[in-house]
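Hi everyone, thanks for coming.

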Amino acid sequence: MEILHLLEKLTQNCGVAGYEKPIADLLEDEIKDIGPVRRTPLGSLICTVKQESPDKPHVVLEAHMDEIGLMVCDIDDRGFLKVTRCGGIDRRVATASLPKSTFLSLICPDSGERTMVYPSSNSA
């Protein structure tokens, strides 16, 4: 059950491109026990896993910690959102509507506060 709890924390934490600090803080806290952690000037985390000896092979594990997001630019008279990309989302795969199980995560740019908005089941 511990891995499920960690997965939930990782997926529910904010990490939209450009606002990675909350997820970086969480990851740093989660990996600090396996070795010293430092941040690069651009916010990447580097953890040197405790080695048995310097002559043993080194392994590098690399992963993204940010998530793709959309920024609302305008709301038209009918309530449709016009958005711009945050991160590397390919507009060819961006859908025009959300699946019913999906939610929007709105982030206040000033405070970084995150609000979850679930689509109405009555929407067409």
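**Salt bridges in the model**

Let's begin at D25, which is partly exposed, with a relative accessible area of 32%. Please keep in mind that this is a predicted model.

Which side chain does D25 meet in a salt bridge? The partner is K21, at 2.7 Å from N to O. K21 counts as exposed, since its relative accessibility of 52% is over the 50% cut-off. Both residues sit in helix α2, and because they are four residues apart there, about one helical turn separates them.

Now let's move on to E28, also in helix α2. E28 forms a salt bridge with R39, and their closest N and O atoms are 2.8 Å apart. R39 belongs to strand β1, residues 37-39, so this pair links distant parts of the chain, eleven residues apart. Both partners are partly exposed: R39 has 32% relative accessibility, and E28 has a relative accessible area of 26%.

Next, please find E30. Its salt bridge is with K9, and the closest N and O atoms are 2.6 Å apart. E30 lies in helix α2, residues 21-31, while K9 lies in helix α1, residues 2-12, so the pair ties together parts that are 21 residues apart in sequence. E30 is partly exposed at 32%, and K9 is partly exposed too, at 29%.

And how many salt bridges does the count come to? It comes to five, including the ones between E30 and K9, D25 and K21, and R39 and E28.

Note on methods:
Residues numbered from 1 in each chain as written. Predicted model: local features only at pLDDT ≥ 70, side-chain atom pairs only at ≥ 80, totals over all residues. Heavy atoms only, no water. Salt bridge = Lys/Arg side-chain N within 4 Å of Asp/Glu carboxyl O. Helix = DSSP H or I, 4+ residues; strand = E, 2+ residues; numbered from the N terminus. Buried < 20%, exposed > 50% of the residue type's maximum accessible area, 1.4 Å probe, protein only.
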